[in-house]
Amino acid sequence: MTESVITLLPADIKVLAQLRTRTDMMAAWYQDQIWVKGMADHAFRQLPALRTWKLDAFNRLFVHGALTPDLTLPGLEWQPLTEFIPVSLPASGLPAYVTSKHAVKLAPCQRDEESFAILTEMRVLETYIASAPQIRLRHLRFAASANARVLVAGVPLPPIPGTSYTLRDRLLMPAGYDFDPPVIRSLLIEKMEAARTHFLLFHVNGQYEMLPDTSFLHVTRSAVRLTAETLRHVL
C-alpha cells in the first residue's frame, strides 16, 4: 500500500483528531489548509478531503488514475498527529478572571529589567509565526484567553507589538512599573499560596490575573494555529 496525501479545511481538525493516536500519519499546515499523509486505509479515506493524491518515492503527487504527476509535494514541517493536535489545548486558556480583593497600587519605577513576556493579540502572534524562523520559536511559550489575548513568554521576545512584562518571584509586572510601596511584593508572595504554582500577571491599574503553570504551551506553528482556529469558533 502506497502513501496518500490529502488536504483538509482547518475546521476539519476535529475530525482528524479522532485519528490522533495513529502513528503512521503525519500532518502539516500549508497555505491555510491541513495536509495529511499516511496509508490510505478505510479510516484515512473517511476524512473529508478537499484533494487526494498518491505519493511516489520522488515526492510527486498523482491524482487517482493519472499517469503524470499533478504537483510535487511542498517542503512541509510534518508532525505526528499527537504533536499536531496537542491534548493540552483545553488547559491552555489564559484564565480571564481578575480579582480586586487586594488593593494593590503600581507606580512607574526607574529599574531597567529585561522583559520576559509580552501580552498581545492572537492574530498578531499568528501573523508572526507564519514567517518567523523556527529557531526564534523554540524557547517561547504562550497562554491564550477566550477573548483572543495571548501572553508570550521567553527571552528573547519576538518583535511584535504588545505590552511588555518583567518577571521576578513569579510576578509578571508591566515593564517600568513596581509596587507602591515596593515592600508589597514580599507580602504578596508570603500571603498567596497560589504564587507557588501560578504566575501573577499584574496590570497597571493594580488588578491581576492568575496563570497556572499548566496554562502555557510551546510556541509551535501547529499549536498557535490550532488555538487561533479554536478561538475563532468560540468568539
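Before we get there, how many contacts beyond four places in sequence does the model have for residues 96–100, where pLDDT stays under 50?

Mentor: Happy to. For residues 96–100 the model has 10 contacts beyond four places in sequence, and pLDDT stays under 50 there. Keep in mind that this is a predicted model. Over the chain, the mean pLDDT is 84, and 89% of the residues reach 70 or more. A further stretch with pLDDT below 50 covers residues 88–92, and the model gives this stretch 11 contacts beyond near neighbours in sequence. Among the elements of the chain, strand β9 (residues 117–121) has the highest mean pLDDT, 95, while helix α5 (residues 184–191) has the lowest, 77.

The largest pocket holds about 260 Å³ of space. Its lining is made up of 14 residues, and those closest to the pocket centre are Trp29, Leu76, Glu77, Arg221 and Arg225. Two elements, β2 (26–30) and α6 (221–234), each give two or more residues to this lining. By residue type, the lining divides into six nonpolar, five polar and three charged residues. Both domains take part: domain 1 (3–84) and domain 2 (105–234) each supply at least three residues to the lining of the largest pocket.

From there, let us move to the aromatic side chains. The model has six aromatic pairs. One to look up on your screen is Trp35 with Trp53: the ring centres are 5.4 Å apart and the planes meet at 20 degrees, so the pair is stacked. Trp35 belongs to strand β3 (residues 33–39) and Trp53 to strand β4 (residues 51–55), so this pair ties together parts that are 18 residues apart in sequence.

The peptide bond between Val155 and Pro156 is cis, with omega about 0 degrees. You will find Pro156 in the loop between β11 (149–153) and β12 (163–168). Another cis peptide bond runs from Asp180 to Pro181, where omega is near 0 degrees. Pro181 sits in the loop between β14 (177–179) and α5, and α5 is the helix with the lowest mean pLDDT among the elements of the chain. Finally, Asp169 has a phi near 55 degrees, a positive value in a residue other than glycine. Look for Asp169 in the loop between β12 and β13 (171–174).

Notes: Residues numbered from 1 in each chain as written. Predicted model: local features only at pLDDT ≥ 70, side-chain atom pairs only at ≥ 80, totals over all residues. Heavy atoms only, no water. pLDDT = per-residue confidence, 0-100. Helix = DSSP H or I, 4+ residues; strand = E, 2+ residues; numbered from the N terminus. Contact = heavy atoms within 4.5 Å. 1 Å grid on protein atoms, 1.4 Å probe; cavity = no way out; pocket = protein on both sides within 12 Å on 5 of 7 lines; lining within 4 Å. Points joined across faces, edges and corners; volume = space filled by probe spheres on them. Nonpolar A, V, L, I, M, F, W, Y, C, P; charged D, E, K, R; others polar. Domains from an automatic or database assignment. Phe/Tyr/Trp six-rings, centres within 6.5 Å; stacked < 30°, edge-to-face > 60°.
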